[in-house]
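I opened the model to look up strand pairing and helix packing. My notes follow.

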Amino acid sequence: MARTKQIARKVTGGSAPRVNLQVLQKKKAKAKAASNKPSLKKPANINSGWWGHVVSEEHMYKVKKLDVKFICVTCHWQKNKNDPKPYFKKPVLSTPPIIPGGFQYAMTSQVAPLPTALVHLYLEGIHQDIGHPQVAMLHSFLQAYFPEGDYNFSQLPFNLGTPESMEAYEKEASHLANTLCAYSKVVLFLTTHSDEDRGDLFIGYINNKPVASKTLEFLQLLLSPLSKVVDGADIIFYVCGSVVTNPQSFNGVKEVAQHFTPRTMLLFDAEHLQLACTVPYLQSLLDNTIIQGFPVSSAARVALNDCGMLGRHSNIILVMWQEEALVVEKFLWTDKHLKPWGHLLPVQCPQCGTIQKWVGGSAEKTISFECKYSNCGKTIGAGEVSLPPKTYSFSIPENATQLPQGKTKTSSWLQITL
């Protein structure tokens, strides 16, 4: 028989003693050195020369005049799709410019990204295999759309365990916030460990030992120096699922969203989150929102088509603003044979111990399963009572909407408003 090797992958869970950040803050010196705000220069718009692909050289001088404004092909199509008009306007050009190629993206999208910054906040000393490779992959993906600038990638470690390290972080974070004020879109990745029982987040180290704090306290302290760029930003939590599954911890996340008003917060509820599983989904999500400019509410569903194995591993939690109200959406993967209506089937029957592929029958919105081992529940000893075969029955969650995105013959995604 061929031998297999089991390798434990790096995850963001664990345990650490809780510390009170308010006590740590009181230990800090009251006087803080005021940092001078650096002069900000907004990067040049990389889209200023896109029309060079459709206008001939001999007429280029005409369109470069300051009083000439061009509309992109997609906007022109949207504006005139019911009453088609030539793509030019006299007297600038005598003939329409030649548009090469076709619509390679959705016709409602615009590959014209605004100045964008990607920031990775990570626990100082965290293993290089946790968070860094995944964020680097997404950074490389985004950077390719900004060949002439308008893009910034920053990494900022944090250790809030001592007054000295806390003050050093606040200084660096404030400087970074001033630098990023010129960027229209900001995406923040937060990578740290989470306490598996309490849902606390690891904040740093005291005497070289990791410590954790309540989610609300930690996020308030971490994001306060960055508040000017957190407002309207997208925050992606690279932490394990106890932050979501622990009610107190998740309430802290929502309170932070109310206070700092980011555009979205994205979390995963897997007990031991494997970050590699999130990359295909996040790449698609960033493509649809940052590059193509679709609303997050629709892009989050579209990206489910490209989520790979993420659905088997974790649900997706999206916290976002809609009409000045904070909304929490949960995306739940379901498969008739593996995860009926989002519930995991055991690999082994708990009653008879057989390993099997569960085969179920469905009636309306309920799927039922029965162990197929002929002796399941039966006892051999005399006088013992036999039990019926082990069964399971699952119904679709209340208020769940079955989505077409990512749907196959046996699986699909559900959307639930929490």
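Which residue of β11 stands opposite Trp-321? I found Leu-326 there. The model is a predicted one. I then looked up the strands around that pair. β10 covers residues 316–322 and β11 covers residues 325–335. They pair in the antiparallel sense, over 7 bridges.

Next I traced the sheet. It is open, has 9 strands and shows mixed pairing. I read the order as β3-β2-β4-β8-β9-β10-β11-β16-β15. From one strand to the next, the twist averages 20 degrees. Helix α10, residues 279–291, does, and it touches β2, β4, β8, β9 and β10. Its direction makes about 160 degrees with that of β4.

I moved to a hairpin. β6 (201–206) and β7 (209–213) pair in the antiparallel sense over 5 bridges. Tyr-205 stands opposite Pro-210 of β7. There are 2 residues between the strands, and Asn-207 takes a positive phi near 55 degrees.

Last, I looked up a helix pair. The axes of α6 (215–223) and α9 (247–260) come within 8 Å and cross at roughly 30 degrees. The cut-off for roughly parallel is under 35 degrees, so α6 counts as roughly parallel to α9. I noted the crossing as right-handed. On the α6 side, the contact is made by Thr-215, Leu-216, Leu-219, Gln-220 and Leu-223. α9 contributes residues including Val-253, Val-256 and Phe-260. I logged the contact residues as 6 nonpolar, 4 polar and 1 charged.

Conventions: Residues are numbered from 1 along each chain as its sequence is written. This is a predicted model: local features need pLDDT of at least 70, side-chain atom pairs count only at pLDDT 80 or more; totals for chains, interfaces and linings use all residues. Side-chain values use heavy atoms; hydrogens and water are left out. Two strands pair if DSSP finds at least two bridges between them. Helices (H or I, at least four residues) and strands (E, at least two) are DSSP runs, numbered from the N terminus. Axes are lines fitted to C-alpha atoms, for helices over the stretch in contact, and angles run from 0 to 180 degrees between N-to-C directions. Contact means heavy atoms within 4.5 Å. Angles under 35 degrees count as roughly parallel, over 145 as roughly antiparallel, 65 to 115 as roughly perpendicular and the rest as oblique. A crossing is left-handed if the near helix is turned anticlockwise from the far one by less than a right angle, and right-handed if clockwise. Ala, Val, Leu, Ile, Met, Phe, Trp, Tyr, Cys and Pro count as nonpolar, Asp, Glu, Lys and Arg as charged, and the others, Gly among them, as polar.
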